Amino acid sequence: MIIIESFAVAVVLLFVTMLCWGSWANTQKLATKTWPFQLFYWDYVIGIVLSSLILGFTLGSFGEEGRSFTEDLLQAKQSVLLAAFIGGVVFNLANILLVAAIDIAGMAVAFPIGIGLALVIGVVVNYLKYPLGDPYMLFIGVLLVTVAIILDAKVYRSISKVASKVSTKGIVLSLAAGVLMGFFYRFVADSMSPNFSTPEVGKLTPYGAFFVFSIGILVSNFLWNSIVMAKPFSGKPVAYKEYFSKGNLKLHSIGWLGGIIWAIGMSLSLIASEQAGFAISYGLGQGATMVAAIWGVFVWKEFAEASSKTKKYINLMFAFFIVGLVLIIYARIK
């Protein structure tokens, strides 16, 4: 299989992860308003599973080091397979709750609470289990990224034309999503061998772990997404028949593309984890909130009408974010 042996290359891959995780949701913007998110989400999940298979039979089967994709899956212990599978189940529930929270409480509340909490929990949990890198630099970097996320929330709130009262339900959903999102990566990490070139017997390589993880997402989607379709937190129930009656090739392709983009990010995060460490891999990836803000500023022009004071917050937001990322990277170099 293809592996990397340089921390510098790992950092590049993690920046791609951050771009992918902060960009996949743009595909939903391309879908029409008559196409409910629950139906888009089915195509999104299909895109993730197909990507994991393609990566497994290509990058996961080429090269001279490690194990081939098929061999990796066949030799894995049941407990290891279960860990990666549970990671997919936990992630899927967290992702669906986050989307529901955005729908109810808005981006300004759901993203900073959900992803901000996930960033802090994920880095702490993964570092305690797999301590790699200077803890002081790492956690100071995480703190600065968290400040940037808070500033992001302030910016969104300041440009909101209609001040709305945030419901308790929206906050609770955001908190639940953040806690779950902070733990899913740990399950996947537990399923993987720390050494990719000579992987531990019974453990998985990044390619095998990602495939089993994606199967966890797919299987759990029949439960989690079906519940949200029948009993949505807001809006009308969505029927499965609408997937076929309202869907067309263009709409399905948009969902598949969203899943492929997110899957590329996740796979690169796992591939980079041997050199960067699980805590840094996860921490850099969850900087995706700022990538989403970049899309909002420069592409969707969401802040075009912002006041000069708000634009100062935008500049501060990006400054804290960049310095935080530099410290997270330096934590591994030091």
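The largest nonpolar core of this predicted model holds 100 residues, and among them Tyr44, Phe184, Phe210, Phe213, Trp262 and Met266 touch the most other members. A nonpolar core here is a set of buried Ala, Val, Leu, Ile, Met, Phe, Trp, Tyr and Cys residues joined through side-chain atoms within 4.5 Å, where buried means under 20% relative accessible area, exposed over 50%, and partly exposed in between, with a 1.4 Å probe and protein chains only. Residues are numbered from 1 along each chain as its sequence is written, and side-chain values use heavy atoms, with hydrogens and water left out. Because the model is predicted, local features need pLDDT of at least 70 and side-chain atom pairs count only at pLDDT 80 or more, while totals for chains, interfaces and linings use all residues.

**Overall fold and dimensions**

- The secondary structure of the chain consists of 14 helices and zero strands, where helices (H or I, at least four residues) and strands (E, at least two) are DSSP runs numbered from the N terminus.
- For 334 residues a compact globule would have a radius of gyration near 20 Å, and the 19 Å of the chain agrees with this; the radius is taken over C-alpha atoms, and the globule rule is 2.2 Å times the number of residues to the power 0.38.
- Along its principal axes, the C-alpha trace of the chain spans about 55 × 50 × 30 Å.

**Burial, contacts and surface**

- Of the 334 residues in the chain, 54% are buried.
- Among contacts between residues at least 6 apart in sequence, 85% join residues at least 24 apart, a contact being heavy atoms within 4.5 Å.
- The accessible surface of the chain comes to about 14,800 Å², with 71% of it belonging to carbon and sulfur atoms; these areas come from the Shrake-Rupley method with a 1.4 Å probe, and for residues only the protein chains shown count as cover.

**Tyr44 and Trp24**

- Leaving aside neighbours within four places in sequence, Tyr44 is in contact with Trp24, Phe91, Asn95, Gly255, Trp256, Gly258, Gly259 and Trp262.
- Trp24 sits in the loop between helix H1 (7-23) and helix H2 (26-30), and Trp24 counts as buried because its relative accessible area is 9%.
- With neighbours within four places in sequence again set aside, the contacts of Trp24 include Phe37, Phe40, Tyr44, Asn95 and Trp262.
- Although Trp24 and Ala292 are 268 residues apart in sequence, they are 9.2 Å apart in space, C-alpha to C-alpha.

**Two residues of helix H11**

- Helix H11 (residues 249-276) contains Ser273, which is buried at 3% relative accessibility and which, not counting residues up to four places away in sequence, touches Tyr185, Met192, Phe196, Phe278 and Ser281.
- His252 also has its place in helix H11, and His252 is buried with a relative accessible area of 13%.
- Apart from neighbours within four places in sequence, His252 is in contact with Trp35, Asp43, Tyr243 and Gly247.

**Met290 in helix H13**

- Met290 is found in helix H13 (residues 288-299), and Met290 is buried, with a relative accessible area of 0%.
- Not counting residues up to four places away in sequence, Met290 touches Ala148, Ile149, Asp152, Met317, Phe318 and Phe321.
- Met290 and Val145 are 145 residues apart along the chain, and their C-alpha atoms are separated by 8.8 Å.
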